[in-house]
Amino acid sequence: MRTIFYILLFTLILPRLNAMGQYHVMVSHNYPPYHFYNTNGEMVGFNIDIIKAINNIYDNRIKISIGDWEEIVSLLDSGEIQAVAGVHYPGSSDEKYFYTRSVISTSHCFFYNSDYRSFLSVEDIRTEQRPKVVLWENDVLEHYMLSLNPNSDFIFVNNYEELFKALQREDVVCAIAQKNAGKYFAKNLNFNFVQATNDVFLERNMGFKVSSEYPELAEILNNGLEIIMANGTYQQIYDKWIREFDKPVNSWRYYIKDIIIGGIVLSLIIGILLFFNRLLKKQVRQKTKHLQHQLELNNIIRQELEIAKVRAEVSDQMKSAFLANMSHEIRTPMNGILGFSELLKSADYGSEEQSYYISLIQKSGARMLSTINNIIDISKIESGAEKLILKDLDLKQMIQEIGEFFSVEAKEKGIELVVEKGDCIHPCKIRTDEYKLHSILTNLLKNAIKFTYKGKVTINFSISETFARFAISDTGIGISKDKQEVIFNQFVRADISYSSEFEGSGLGLSITKEYVKMLGGIIWLESEPESGSTFYIEIPCKQPHSQENILSHISA
Ligand code: ADP
């Protein structure tokens, strides 16, 4: 009975138990940080934690143990264990074994001595004449190295300690090893001079190698991996063991190329932008200048147009005024002449009446002549045809003649005409344009008599070494302050209401003012409405000696 129980136990129950999940998976003892013995003699590492995590899901169906690599391989071969962890895929299919999905991807990199160089790139190794390289005895690595630089010279080692010790030789350029393991050993062996490059190569997948007789174990491992990757456990294990060694070296030298290219591109862009900016600024400046110039021109044109407009308006007003005045000033005397000459034709009038009519015809003729003279004078002034004809003239004589001439008219109006001689050098001669001075004085005297009803009109003159001064004053109607300036303009009359009472074209004072100007003198007036006016003239002269006070009194 006892014998039957043992036979059953060994032939039926134990194999069944095994099939239910008591799988034995082994890892090699010295492959940190993936699987190794720590200083306390415990089995630790990335792959150990991965198996433990899968075990948590599958009720500890996997037994883990650690051993020498060759021993593990023969145990798997003989079927004593069912799987091995931390195996790189061979790259070809194998009928005897399954390979699970990748647990982690591993890669190699270059290690160099930071005491001898601050940076190492694949390019450095390519261009080195005969680079001395430390590496594990491994065909793949050797071929990789020779493909980089066919002149590579090798130092072969069997463990990490030897590898990094060889790096202490000054003639050694670099060592090649698995990146994470190499970094782990360098840290733990306190080889602080060991520096890894960011250039990696020989990236391979590490996973479980499972006996083909245990497909359910391969399934557990694959599914377990799937689950721990999805629930975050895998990431925790990775962060714990691998992340520290998998971080890229943060050296600016790795980015130097990018920095330089970036810098060049940026400088180019900035340069182009600056160029266009300058170009635009220049164009804007030119445009602004052009616009300002245009604006100034426009302003000038506008001002000129405004002046021209005002002139045109004034000229229009003047034209109307001229026509109105002229028609009045020509029609009135003309009517007089025609009317009275018609009367003379009849024999009904006596000689006294006839001579009266003749005098009226003469008066009208004189008025017309004066108007025509005024028109001729103003047109000559306007056209610039009027020239100065200078000669020495005896002023005293001239004034006396004018006085005598107007005394008749003054007497007729019942006005006293007084000629006053002020301080004069002797003889009373000045050099000037006789016609113009004569016109000036007769215009003023004529106006004085015309605009005076009663009282007197005085013409006063004096001559100094430099100036001849005249004052023509009257006790007439006077001129209001606001009209005193404008009466010198053409066709302007102080009060339009008396235009019918006082004959006149409104040209006399403007001709007078222009003539005074031509003689190099000035004219001004003082006037009070209802009291009278005084017109003052001062013209330059050059007269020798004599100062005589003669008061010539000519009464009308
Ligand atoms: P007019 O032919 O009308 O006299 P003027 O140019 O000689 O033209 O004079 C312009 C205006 O000035 C006159 O119409 C008149 O209103 C005023 N005026 C000129 N002289 C005198 C004056 N002595 N007394 C008052 N008003 C005067």
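View 1. At 4% relative accessibility, Gln82 counts as buried (buried means under 20% relative accessible area, exposed over 50%, and partly exposed in between, with a 1.4 Å probe and protein chains only). This is a predicted model, in which local features need pLDDT of at least 70 and side-chain atom pairs count only at pLDDT 80 or more, while totals for chains, interfaces and linings use all residues. Residues are numbered from 1 along each chain as its sequence is written, and side-chain values use heavy atoms, with hydrogens and water left out. Gln82 is found in the loop between helix 3 (69-78) and strand 6 (83-88); helices (H or I, at least four residues) and strands (E, at least two) are DSSP runs, numbered from the N terminus. A polar atom of the Gln82 side chain lies 2.6 Å from the backbone nitrogen of His24.

View 2. Ile62 belongs to strand 5 (residues 62-67) and, at 6% relative accessibility, counts as buried.

View 3. When residues up to four places away in sequence are not counted, Asn180 touches Pro33, Tyr34, Ile242, Phe245 and Asp246, where contact means heavy atoms within 4.5 Å.

**View 4. The packing of helix 2 against helix 9.** Helix 2 (residues 46-57) and helix 9 (residues 233-241) pack at an angle of about 160°, and their axes are 10 Å apart. Axes are lines fitted to C-alpha atoms, for helices over the stretch in contact, and angles run from 0 to 180 degrees between N-to-C directions. The two helices are therefore roughly antiparallel to each other (angles under 35 degrees count as roughly parallel, over 145 as roughly antiparallel, 65 to 115 as roughly perpendicular and the rest as oblique). Helix 2 contributes Phe46, Asp49, Ile50 and Ala53 to the contact, and helix 9 contributes Thr233, Tyr234, Ile237, Tyr238, Lys240 and Trp241.

**View 5. The packing of helix 13 against helix 14.** The axes of helix 13 (residues 395-413) and helix 14 (residues 434-450) are 11 Å apart, at an angle of about 25°. That angle makes helix 13 roughly parallel to helix 14. Among the residues in the contact are Leu395, Met398 and Phe406 of helix 13, and Leu437, Leu441 and Ile449 of helix 14.

**View 6. Backbone geometry at Pro33, Asn60 and Asn190.** Most residues other than glycine have a negative phi, and most peptide bonds are trans. The peptide bond from Pro32 to Pro33 is cis, with omega near 0°. Asn60, in the loop between helix 2 and strand 5, has a positive phi of about 55° and is exposed, with a relative accessible area of 52%. Asn190 has a positive phi of about 60° and is exposed at 58% relative accessible area; Asn190 is found in the loop between helix 7 and strand 12 (194-211).

Terms used
Polar contact = N/O pair within 3.5 Å; in protein donor to acceptor, adjacent residues only side chain to side chain.
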